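Subject: Structure handover

Hello,

Here is the structure I said I would pass on. Please open it alongside this note.

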Amino acid sequence: MSQPKPLNLPFDPIDRAAETWRAHFGGSAAMAAVTSIMRAHQILLSQLDSLLKPYDLTFARYEALVLLTFSKTGALPLSKIGERLMVHPTSVTNTVDRLEKSGFVCRRPNPRDGRGVLAEITDTGRGVVRRATGDLMAAEFGLTMYAEDELHQMFDQLRTLRVAAGDFSAPSMRQDEEHGGLL
């Protein structure tokens, strides 16, 4: 997997920023944590996008294809895709446009809503999801440095933040009646 260019600094810049923050503003645990999360996001997104580049995918486009793969019919309304991926409608449109240009999805009228449009995964899209997923799984999504129990703890810690932000009510794992699967 292609790694982002190492910084190779002789110190931890986030720890240094936290020390400086403490000297100027007081306690810095939240600042250090959020800055670490943001840096981890940059690192992981770079690694994942690098793995997905040979498939003409970004991680955002990969997520949309996986979502369609998990749906009962292989098709979802664009509004449902945005809801499930927690992104703005404009982002969904751009993502589906790119996937359509690559031949991974096609648009078709929504039979339940005369004005609506469904994005439907193609056979080519299903094949690319299988191959890309194999690469991501082999790379453990860029998290090879963590043991499985640490990954579960990380998920639980971040889930608390997502619940507090109103992403969902805990516990909230339900079968999606309209489209099948746990979505």
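Below is what I found in it, from the whole chain down to single residues.

**Ground rules**

This is a predicted model, so to speak of local features I need pLDDT of at least 70, side-chain atom pairs count only at pLDDT 80 or more, and totals for chains, interfaces and linings use all residues. Residues are numbered from 1 along each chain as its sequence is written, and side-chain values use heavy atoms, with hydrogens and water left out.

**Confidence**

pLDDT is the predictor's confidence in each residue, from 0 to 100. Its mean for the protein is 90. Of the residues, 91% reach 70 or more. Helix α6 (residues 123–138) has the highest confidence, at 98. Strand β3 (residues 113–121) has the lowest, at a mean of 90. Treat residues 173–180 separately: pLDDT stays under 50 there. The model has 21 contacts beyond four places in sequence for that stretch. A contact means heavy atoms within 4.5 Å.

**Overall build**

The protein has 7 helices and 3 strands. Both are DSSP runs numbered from the N terminus: helices are H or I, at least four residues, and strands are E, at least two. Along the sequence the order is α-α-α-β-α-α-β-β-α-α. The C-alpha trace spans about 60 × 35 × 30 Å along its principal axes.

An unreviewed UniProt entry annotates residues 30–160 as "domain: HTH marR-type". UniProt positions are given in the numbering used here, feature names are shortened, and annotations may be inferred rather than shown by experiment. That stretch is 65% helix and 14% strand. Its end C-alpha atoms are 15 Å apart.

Take contacts between residues at least 6 apart in sequence: 56% of them join residues at least 24 apart.

**Surface and charge**

Of the 183 residues, 30% are buried. Buried means under 20% relative accessible area, exposed over 50%, and partly exposed in between (1.4 Å probe, protein chains only). The protein exposes about 12000 Å². Carbon and sulfur atoms supply 58% of that area. Areas come from the Shrake-Rupley method with a 1.4 Å probe; for residues, only the protein chains shown count as cover.

There are 21 positive and 22 negative charges, and their mean positions are 6 Å apart. Lys and Arg count as positive, Asp and Glu as negative; His and the chain ends are not counted. Each charge is placed at NZ of Lys, CZ of Arg, CG of Asp or CD of Glu.

**Helix α4 and what follows**

The buried residues of α4 are Leu78, Lys80, Ile81, Gly82 and Arg84. Their cover includes α3, β1 (75–77), α5, β2 (105–110) and β3. Met86 follows α4. Met86 lies in the loop between α4 (78–85) and α5 (89–101). Its phi is positive, about 60°, although Met86 is not a glycine. Met86 counts as exposed because its relative accessibility is 55%.

**Two more residues**

Asp56 also has a positive phi of about 60° and is not a glycine. Look for Asp56 in the loop between α2 (29–52) and α3 (59–70). Asp56 is at 38% relative accessibility, so it counts as partly exposed.

Arg16 sits in helix α1 (residues 13–25). Arg16 is at 42% relative accessibility, so it too counts as partly exposed. Arg16 and Ser91 are 75 residues apart in sequence. In space they are 36 Å apart, C-alpha to C-alpha.

Best wishes
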